[in-house]
Amino acid sequence: MSVTIASWNINSVRLRAGLVARLAEERSPDIICLQETKCPDGSFPRASFEKLGYRHMAISGQKGYHGVAILSRRPIVATSIREFCGMGDCRHIAADIETPSGGTLRVHNFYVPAGGDEPDPEINPKFAHKLSFLDELIDWFRQAPDEVGHANGTVLVGDLNIAPLPEDVWSHRQLLNVVSHTPVETDGLERVRAELGWVDVVRRHTPPPEKLFSWWSYRARDWAASDRGRRLDHIWLSPDLAPAARQTEILREARGWERPSDHAPVLARLDP
DNA sequence: ATGGTGGGCGCCCCA
C-alpha cells in the first residue's frame, strides 16, 4: 500500500504532456508534481492527465512563465497556494492527499527562482529575489510550522534551483561561483532544510561520494557524454515521515527522451 | 573567453 511521488520540471506542460504520459507508463507514480508548466489554468491539459488516471489536480499557472501543478490518482482533499516576495509568481502549491491507509499526506510543490547569471544580489535583482525567497521560506516555517506541516507527514518537493552538496554538481570547484552552487545559496538552502528538520531522502538513500544530477543544460553538444549535471530537484520529507521512505530514483533516461525537458524526474516511494 | 539550446510570446523575455 505504498505511495510513489514524482517531481519534474517539465518546461512547458502543453508541449510535453506526452512525456508525462511516458513517466506514468514507466513508473506509475501516484502523485506527479510539475514545475515550469508555463500555462494559464484555463489552458492546462487536464483531459490528457485524467486519461492517465490522474483525476485529481491542483494547478497554479500563469501565461508564459513559472507555474506549478500537482496531479494525483488519489483524492485531493484540500489545496493551498502561497505567494512569495509579493511578486505574483506561481511558484508554490500545496495539496492534502488521501493515503491508502486513510490518512492524509501534505505535499508542497515549489519552483524556486533560478536567480539569473551574476551571483551578486547588489547588482542582480534576480539573485536578490532568489535569496529573499529562501529567507521567506525560513520565516514561514518558523512562524507557522503547523500550516506548513501536518500530523501525518509532509513532503516538500520541487525545482529548488540549488545543488546543495559538492557531489551534486559535476565540478564543485568550477561551480563555486556559478549561480545554483554558490556558498550563499547552499548555506541558505541548508538553513531552509534545518528549520523544520526536513530529510533530503534522495541523499539518505544515495549518499556521497556518489554523484547525483537531475538537470543537464540544453547547451551541451552531448549532455550524456559530457555529463555536466547538477542536482537541482529535490524531495524532502518531514522527520516523522522519513522512516516511511522505501526507495528513491532520479530517472536520468528521461533526459534522453524525444524533445526532452532539461530536468529529469525525481521519485520516492513511501509507505505512509 | 565565449557561446552554446530551448520555450513562450510576439519583434525579446526567461531558463
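In strand S4, the side chains of Val-68, Ile-70 and Ser-72 point one way and those of Ala-69 and Leu-71 the other way, and all of these residues are buried. The model described here is predicted. In a regular strand, side chains alternate between the two faces of the sheet. S4 spans residues 68-72, and because five of its five residues are buried, the strand is largely enclosed by the rest of the structure.

S4 pairs with two other strands. Strand S2 (residues 31-35) runs antiparallel to S4 and is joined to it by five bridges. Strand S3 (residues 56-60) is likewise antiparallel to S4, again with five bridges. Val-68 of S4 takes part in both pairings: Gln-35 stands opposite Val-68, and Val-68 is also the bridge partner of Ser-60.

The protein surface was next examined along DNA strand B. Of the atoms of DNA strand B that come within 4 Å of the protein, 67% belong to sugar and phosphate. By class, the residues near DNA strand B comprise seven charged, five nonpolar and three polar.

The largest pocket holds about 810 Å³ of space. Its lining consists of 28 residues, of which Ala-114, Gly-116, Asp-117, Asn-161 and Trp-215 are the closest to the pocket centre. Helix H3 (residues 125-143) supplies the largest share of this lining, with three residues. Ten of the lining residues are charged, ten are polar and eight are nonpolar.

The second largest pocket contains about 160 Å³ of space. Its lining is formed by Pro-164, Leu-165, Thr-186, Leu-189, Glu-190, Arg-193, Asp-200, Arg-231 and Trp-236. Helix H6 (residues 183-196) contributes the most to the lining of this pocket, giving four residues. Four nonpolar and four charged residues are found in the lining of the second largest pocket, together with one polar residue.

Note on methods
Residues are numbered from 1 along each chain as its sequence is written. Chains are lettered from A and ligands numbered from 1 in the order in which they are written. This is a predicted model: local features need pLDDT of at least 70, side-chain atom pairs count only at pLDDT 80 or more; totals for chains, interfaces and linings use all residues. Side-chain values use heavy atoms; hydrogens and water are left out. On a 1 Å grid over the protein atoms alone, a cavity is a set of points where a 1.4 Å probe fits but cannot get out, and a pocket is an open set with protein on both sides within 12 Å along at least five of seven lines; lining residues have an atom within 4 Å of a point. Grid points are joined across faces, edges and corners, and a volume is the space filled by probe spheres set on the points. Ala, Val, Leu, Ile, Met, Phe, Trp, Tyr, Cys and Pro count as nonpolar, Asp, Glu, Lys and Arg as charged, and the others, Gly among them, as polar. A residue is near a molecule or strand if one of its heavy atoms lies within 4 Å of it. Buried means under 20% relative accessible area, exposed over 50%, partly exposed in between (1.4 Å probe, protein chains only). Two strands pair if DSSP finds at least two bridges between them.
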